[in-house]
Amino acid sequence: MSYDRVRETDPAAADALLAERERQNDTLAMIASENHVSEAVLQAQRSELTNKYAEGYPGARYYGGCEHADTIEQLAIDRAQDLWGADHVNVQPHSGTQANMAVYLSMLDPGDRILSLELEDGGHLSHGHPANFTGQTYEVEQYQVDPETGYIDYEGLRDRAEAFDPDIVVSGYSAYPREVEWERIQAAADAADAYHLADIAHITGLVAAGVHSSPVGVVDFVTGSTHKTIRAGRGGIIMCDEEYADSIDSSVFPGAQGGPLMHNIAGKAVGFAEALEPEFRTYAERVVANAETLADRLQEHGFSLVSGGTDNHLVLVDLRDSHPDTTGKEAEEALEEVGVVLNANTVPGETRSAFNPSGIRIGTPALTTRGFGERAIREVTDLIARVVDAPDDEETKTEASVRVDELTDEFPLYG
């Protein structure tokens with residue numbers, strides 16, 4: 001992709017865009033919520049659909065000239081239904097958070113009750129954090145993981161649901177390394193006569209590929225992101241039974257947002273087409289296998305992992321046992337210096353702040369997209385261990401940086 005036209009108009013912006021391209025190529029992206037889309041998805045997202053307003057839905061728009069926008073959106077819907085098996089799909093949410101907002105708007109009144117996982121245990125801001133609109137609009141209570149095992153405390157969740165009497169129970173998480181037992185959470189929601197929203201933002205691709213159990217057909221509403229493990233255009237998605245279709249659609253538009261970002265929906269359509277190919281299941285299986293390799297190797301280096309390992313695309317490291325004097329933020333910054341990009345993260349029983357927590361979250365989707373297999377993942381894990389062991393040692397960081405450069409050359413991004 002050339003930025004020549006951008007440079008003619010805005011050299012500073014062109015410099016930043018080129019620098020970002022180089023940064024992505026020259027670093028190892030291990031933030032669990034990030035991935036690298038294909039050049040086909042990039043091309044779709046920069047299409048002329050960025051010029052088109054298409055308020056409404058296919059066949060029922062508020063503007064003229066939407067025939068091709070209708071085609072693109074319907075392709076995205078049809079392919080999403082094939083991927084996840086949902087009765088009804090809305091592909092217009094701009095993000096996973098706005099997908100969640102639409103579900104709340106359609107089913108809840110201000111002051112209604114949400115039961116969701118504690119943020120430090122792996123939940124998400126849009127599930128009820130007081131800084132988020134959810135915490136400001138609804139009454140929120142939260143359940144936890146078992147402090148001994150790091151797994152969801154399903155019995156505690158059910159007890160909390162029966163005592164709190166929520167209107168909706170939220171499952172699906174942003175920093176939970178284990179497979180989710182949707183049926184057990186559904187049973188807790190049923191016991192409280194509550195709706196159940198499963199937010200699969202992180203695992204959309206793993207669910208689509210069949211390497212993680214699916215909540216579709218089990219819960220009332222499924223939301224997700226379309227740019228993480230599914231590698232499609234950036235945005236959100238909502239899936240539900242047909243009985244909720246009209247309510248969900250009207251909550252997305254006009255309830256939560258205006259005109260859809262049709263160029264992003266084009267990216268979703270193209271990415272979903274790629275995910276329907278047999279090669280995508282191979283990719284998803286490799287994401288999980290790489291995460292398991294990462295987890296095993298970290299433990300060989302003496303790191304403590306929340307829940308003792310992983311079933312999905314991420315591991316959550318609790319540094320308090322192995323590196324009590326190193327915070328997650330210090331580890332993140334030291335690793336970014338050498339070209340390994342991940343994020344500091346809270347851990348269950350967090351004793352520090354969310355701004356400088358005790359853990360780091362490490363994911364494998366983006367490296368797997370670049371072609372990393374077991375050998376390369378083990379080597380990256382060794383680099384992570386060496387840097388976190390000695391975050392202030394310049395010689396160690398220099399050696400790690402050189403090896404990262406070699407690995408990015410071995411596994412180039414976009415050719």
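Over the whole structure, the search finds 21 salt bridges. A salt bridge here is a side-chain nitrogen of Lys or Arg within 4 Å of a carboxyl oxygen of Asp or Glu. Before the examples, the ground rules: this is a predicted model, where local features need pLDDT of at least 70 and side-chain atom pairs count only at pLDDT 80 or more, while totals for chains, interfaces and linings use all residues. Residues are numbered from 1 along each chain as its sequence is written, and side-chain values use heavy atoms, with hydrogens and water left out.

Take Arg 113 and Glu 139, whose side chains form a salt bridge at 3.3 Å, N to O. Arg 113 sits in strand E5 (residues 113–117) and Glu 139 in strand E6 (residues 139–143), so this pair ties together parts that are 26 residues apart in sequence. Helices and strands are DSSP runs numbered from the N terminus: helices are H or I with at least four residues, strands are E with at least two. Arg 113 is partly exposed at 28% relative accessible area, and Glu 139 is partly exposed at 36%. For those words, buried means under 20% relative accessible area, exposed means over 50%, and partly exposed is in between, with a 1.4 Å probe and protein chains only. The areas themselves come from the Shrake-Rupley method with a 1.4 Å probe, and for residues only the protein chains shown count as cover.

Strand E6 also takes part in a second pair. Arg 160 and Glu 141 meet in a salt bridge of 3.6 Å, N to O. This one links distant parts of the chain, with Arg 160 in helix H7 (residues 154–164) and Glu 141 in strand E6, 19 residues apart. Arg 160 is partly exposed at 26%, and Glu 141 is partly exposed at 28%.

Lys 329 forms a salt bridge with Glu 332, with the closest N and O atoms 3.2 Å apart. Both residues lie in helix H14, three residues apart, about one turn of the helix.

A negative patch is formed by Asp 325, Glu 330, Glu 333, Glu 336, Asp 392, Asp 393, Glu 395 and Glu 399. Patches are made of residues with over 30% relative accessible area and no salt bridge; like charges are joined within 9 Å, and nonpolar side chains (Val, Leu, Ile, Met, Phe, Trp, Tyr) within 5 Å. Lys and Arg count as positive and Asp and Glu as negative, with His and the chain ends not counted. The place of a charge is NZ of Lys, CZ of Arg, CG of Asp or CD of Glu. Helices H14 (328–338) and H17 (394–410) each supply at least two residues of this patch, and H14 gives the most, with three. Asp 393 is in the loop between helix H16 (374–389) and H17, and is partly exposed at 35%.

The other patch is nonpolar: Tyr 53, Tyr 62 and Tyr 63 make a surface of about 400 Å². Tyr 63 lies in the loop between strand E3 (60–61) and helix H4 (67–84), and is partly exposed at 40%. Ala 76, in helix H4, is buried at 0%.

On to the strands. Strand E9 (residues 221–225) has five of its five residues buried, so it is largely enclosed by the rest of the structure. Phe 221, Thr 223 and Ser 225 point one way, Val 222 and Gly 224 the other. Strand E8 (residues 195–199) runs parallel to E9 and is joined to it by three bridges; two strands pair if DSSP finds at least two bridges between them.

Last, an open sheet of four strands, in the order E11-E12-E15-E14, with antiparallel pairing. Its edge strands, E11 (304–305) and E14 (343–345), each pair on one side only. E14 and strand E15 (residues 359–363) are antiparallel over three bridges, and Asn 343 has Arg 361 in E15 as its bridge partner.
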